[in-house]
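Let's take a walk through this structure together, one region at a time. Have the sequence and the 3D view at hand as you read.

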Amino acid sequence: MSNTSLDYTYWQDEEMWLGYLDEYPDYVTQGETMDELKENLIDIYKDLTEGHIPAVRHHAALVVA
């Protein structure tokens, strides 16, 4: 994977770190550490962009004049 910057949202719930990619908020993942959470977010990104997950909903911005 080439260098891609991905925005993500994360939070801590007791001992676990949870988060999702801002572009794909339906796919929440978790990790015992921030590093594990980041690895899981990268794995989800790969699955989403390589077509391994069907019917992916996308997030976009619409400009209305």
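Predicted model: local features only at pLDDT ≥ 70, side-chain atom pairs only at ≥ 80, totals over all residues.

The largest nonpolar core is made up of eight residues: Leu21, Tyr24, Leu37, Leu41, Ile44, Tyr45, Leu48 and Val56. Where do most of them come from? Helix H1 gives the largest share of this core, with five residues.

Now turn to the outside. Let's pick one of them, aspartate 35, which sits in helix H1, the stretch covering residues 34-49. Is aspartate 35 buried or exposed? Its relative accessibility is 54%, and exposed means over 50%, so aspartate 35 counts as exposed.

Next, have a look at the backbone. Glutamate 14 lies in the loop that links strand S1 (8-13) and strand S2 (16-21). What is the phi of glutamate 14? It is near 55°, a positive value in a residue other than glycine. Glutamate 14 also counts as exposed, because its relative accessibility is 68%.

There's another spot like this to visit. Alanine 55 belongs to the segment after H1, and its phi is near 55° too, again a positive value in a residue that isn't glycine. With 74% relative accessibility, alanine 55 is over the 50% cut-off and therefore counts as exposed.

Definitions and conventions: Residues numbered from 1 in each chain as written. Heavy atoms only, no water. Helix = DSSP H or I, 4+ residues; strand = E, 2+ residues; numbered from the N terminus. Buried < 20%, exposed > 50% of the residue type's maximum accessible area, 1.4 Å probe, protein only. Core = buried A, V, L, I, M, F, W, Y, C linked by side-chain atoms within 4.5 Å.
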